[in-house]
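Let's take a slow walk through a protein chain together. Keep the picture beside you and find each residue as we get to it.

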Amino acid sequence: MQFSNLFYTADNGLVILAENFHHYFYTTTSFSSGTGSMPGQSRTTTYSVGECGDMLMSKIDAGGNIGWMQVLPKLQREISVVGYSRSFGISYFQLFQ
């Protein structure tokens, strides 16, 4: 779990929010062959993924005692493109006689 927020309460306590968090990158590559005199094309895309899971909420009073604690089930995924490239290639055959 990763702490996400702390809130001070009117009774000098705290409400603490924490959630499961995982971040990773992945890359995909695709290729389409050319036709006739058109070259083939390769595309590479890199994605950034952030996944947030269950959220833990807890109330701590001014004396440091836990007043309550709850877990809110959730699943959230955010995906964004962080890199993109395209390249062209010409493949040919040469006939020898």
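What follows goes from the confidence scores to single residues and then to pairs.

First, some ground rules. This is a predicted model, so to speak of local features we need a pLDDT of at least 70, and side-chain atom pairs count only at pLDDT 80 or more, while totals for chains, interfaces and linings use all residues. Residues are numbered from 1 along each chain as its sequence is written, and side-chain values use heavy atoms, with hydrogens and water left out.

How confident is the predictor? The score for that is pLDDT, given for each residue on a scale from 0 to 100. The chain averages 88, and 90% of the residues score at least 70. Strands here are DSSP runs of E with at least two residues, numbered from the N terminus. A handy reminder: where pLDDT is low, the predicted coordinates should not be read in detail.

Now find Ala18, in strand S2 (residues 14-32). Is Ala18 buried or exposed? With a relative accessible area of 3%, Ala18 is buried; that word means under 20%, exposed means over 50%, and partly exposed is in between (1.4 Å probe, protein chains only). Leaving out residues up to four places away in sequence, Ala18 touches Met1, Gln2, Phe3, Ser4, Asp54, Met55 and Leu56, where contact means heavy atoms within 4.5 Å. Take Gln2: it is 16 residues from Ala18 along the chain, yet their C-alpha atoms are separated by 5.2 Å.

Next, hop over to Ser48 in strand S3 (residues 40-60). Ser48 counts as buried too, at 12% relative accessibility. Its side chain makes a polar contact of 2.8 Å with the side chain of His23. For a polar contact, a pair of N or O atoms must lie within 3.5 Å; within protein, one must be able to donate a hydrogen and the other to accept it, and residues adjacent in sequence count only if both atoms are side-chain atoms.

Strand S3 also has a partner: S3 and S4 pair in the antiparallel sense over six bridges (two strands pair if DSSP finds at least two bridges between them). Look for Ile60, which stands opposite Ile66 in S4. In the hairpin of these strands, five residues sit between them, and Gly64 takes a positive phi near 90°.

How many salt bridges does a search of the whole structure find? The search finds three, each a side-chain nitrogen of Lys or Arg within 4 Å of a carboxyl oxygen of Asp or Glu. Side chains of opposite charge can pair when their charged atoms come close. Glu19 and Lys74 meet in another, at 3.1 Å from N to O, linking strand S2 with the loop between S4 and S5, 55 residues apart. Glu51 and Arg77 also form one, at 2.8 Å, between strands S3 and S5. In that pair, Glu51 counts as buried at 18%, whereas Arg77 counts as exposed at 52%.

Technical notes. pLDDT is the predictor's confidence in each residue, from 0 to 100. Helices (H or I, at least four residues) and strands (E, at least two) are DSSP runs, numbered from the N terminus.
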